[in-house]
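Take a look at the chain shown here. Then read on for a short tour, from the overall build to a few single residues.

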Amino acid sequence: AMMTAPNLLDAYDTDAASDVLRDALERHAGLAGNPAHVALEGQMARLHFFADEMAESIAVADRVLDQAEHQNLSDVLADTLITKGSALTAIGRAREGLMLVAGGAEVAEAAGQSVTVLRAAINRGFSEGLDSQRTGLESARTGIALARRLGLRSLLTFLTGNAAEYAIATGDWDWAERELAAQGDELEPSHHSIIVSGQAFFASARGRDATPLLDETRRTAEALGDPSTVGQHLFARGMHHLVQGALRDAQRDFDASRETVVATGSNSRVQATRTAAWMGDRESLAARLQEMDEAGEFGRSIEAVRASFRGALMALEGRTDEAVTLFRQARRAFADLKLPWLEALSAMDALYTLPVDHAEWAEARDAARAIFDSLGAAPMLAQIEAIETRGTTSAAPAAREEATAGHAVASEAV
């Protein structure tokens, strides 16, 4: 079971992993406290994490950590610290979670457990990204180099997918596309879907046809049915709709992604909130922003995102001077962090919500244009042109959606 369960979890086959673990724990219930039994429970904590059962994951992890510490089971201790830290991050305790993941990595490195070190590199990126996606990218790149050296293809795929996501924010798009392409096609379906989801974003954002890629992630999600793969497909499709300007479709996909998988819900929550701002839906924006404020996520990047959304809300409420101050604060923070994509999206928050005759609107337009042009993000440049052509950002949400409907791709059920 200890050989089989981790491999099944790595492949997102939570049903099979559950059968293996529960059967082994039941058959060996009389060995509770035995090192092998403790190790199995460590994998059960990880299973709960994959199944989005965070409270159960934390509870089991606490029991395992007590035994692992007292019995000096360094491999179980390191792995379970990472599991608990990841679960804490998923429920909004990201800084505490990062400390546990980092601690697990230190224990694993001291014990020469390279696979566990790489698992930490995969899982710590989200917490690091709350402060700066550039830090997350650096961690992922370090992990990629180690995974390549050790020939660990499965972990290399996870790290590459994560690195590509952080590279979106940092503007390292050419590098990310090369890394994704280098993974090839001979991967487990769930792993291949990670790579294809990243490729779909860059195709969409750079004006290429992403439909075949999104069709592939949809088929994989339907075939596997696990929350991670389904949620990943919904998020990828949501980003496609966002860059194409199909805002209602984007919001629907982001909300569905967040409901499908808790562990990656933060990114979906952010982008769903952004669609509310861009559609001029003040009530929805206020409610979603409050939810973000209550999520317990802190760090320079995520706080700059919230500042930009507060600026959008104030702009929609007619509090223009306050809005301008917040928009400038957000863009400056992203510029200081060297996160051009997020800087440009913040500028778009301003373009969709400020009056077009305001000086800040022109400043935001010029900033966004320069960044999108450097990234080759043609659909985003088209959105700017569409806003400017309409001559107002006070149009009703329905009118905005109609203006961009030509870019929309019909949503499909998953």
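Two residues are in contact when heavy atoms lie within 4.5 Å. Keep that in mind for the tour below. The model is a predicted one.

## The whole chain

The chain has 22 helices and 0 strands. Its C-alpha atoms fill a box of roughly 75 × 40 × 35 Å along the principal axes. A compact globule of 414 residues would have a radius of gyration near 22 Å, and the chain agrees, with 22 Å.

How much of the chain is buried? Buried residues make up 56% of the 414 residues.

## Helix 11

Helix 11 covers residues 189-205. It has 17 residues, and at 1.5 Å a residue they should span 24 Å. The end C-alpha atoms are 24 Å apart, so expectation and model agree.

This helix is mostly covered, with 15 of its 17 residues buried. After helix 11 comes glycine 207, which has a positive phi near 80°.

## Aromatic pairs

How many aromatic pairs does a search of the whole structure find? The search finds 9. In one of them, the rings of tryptophan 173 and phenylalanine 201 have centres 5.5 Å apart. Their planes meet at 80°, so this pair is edge-to-face. Tryptophan 173 lies in helix 10 (residues 173-182) and phenylalanine 201 in helix 11, so the pair ties together parts that are 28 residues apart in sequence. Tryptophan 173 has 1% relative accessibility, so it counts as buried. Phenylalanine 201 has 5%, so it counts as buried too.

Phenylalanine 201 also pairs edge-to-face with tryptophan 341, at 5.7 Å centre to centre and 85° between the planes. Tryptophan 341 sits in helix 19 (residues 340-353), so this pair ties helix 11 to a part 140 residues apart in sequence. Both of these residues are buried. Trp173, Phe201, Phe202, Trp341 and Phe372 form one aromatic cluster. Elsewhere, arginine 141 lies over the face of tryptophan 175, at 4.1 Å from the ring centre.

## The cores

Which members of the largest nonpolar core touch the most other members? They are Trp173, Phe201, Trp278, Trp341, Met348, Phe372 and Met380, out of 103 residues. Helix 9 (residues 153-170) gives the most to this core, with 10 residues. Apart from it lies another core, of 12 residues, including Ala39, Val64, Ala68 and Leu77.

Now return to tryptophan 173. Leave aside its neighbours within four places in sequence, and its contacts are Ala167, Ile168, Phe201, Phe202, Ala205, Arg206, Trp341, Leu375 and Ala377.

Most residues other than glycine have a negative phi. Aspartate 52 is not a glycine, yet its phi is positive, about 65°. Aspartate 52 is in the loop between helix 3 (35-50) and helix 4 (54-70).

Asparagine 72 is not a glycine either, and its phi is positive at about 55°. Its place is the loop between helix 4 and helix 5 (74-90).

Is each of these two buried or exposed? Aspartate 52 has 18% relative accessibility, so it counts as buried, the cut-off being under 20%. Asparagine 72 has a relative accessible area of 65%, so it is exposed, where the cut-off is over 50%.

How values were computed: Residues are numbered from 1 along each chain as its sequence is written. This is a predicted model: local features need pLDDT of at least 70, side-chain atom pairs count only at pLDDT 80 or more; totals for chains, interfaces and linings use all residues. Side-chain values use heavy atoms; hydrogens and water are left out. Helices (H or I, at least four residues) and strands (E, at least two) are DSSP runs, numbered from the N terminus. The expected span of a helix is 1.5 Å times one less than its number of residues. Buried means under 20% relative accessible area, exposed over 50%, partly exposed in between (1.4 Å probe, protein chains only). Rings of Phe, Tyr and Trp (its six-membered ring) pair if their centres lie within 6.5 Å; planes under 30 degrees apart count as stacked, over 60 as edge-to-face and the rest as tilted. A charge sits over a ring if NZ of Lys or CZ of Arg is within 6 Å of the ring centre and within 35 degrees of the ring normal. A nonpolar core is a set of buried Ala, Val, Leu, Ile, Met, Phe, Trp, Tyr and Cys residues joined through side-chain atoms within 4.5 Å. The radius of gyration is taken over C-alpha atoms; the globule rule is 2.2 Å times the number of residues to the power 0.38.
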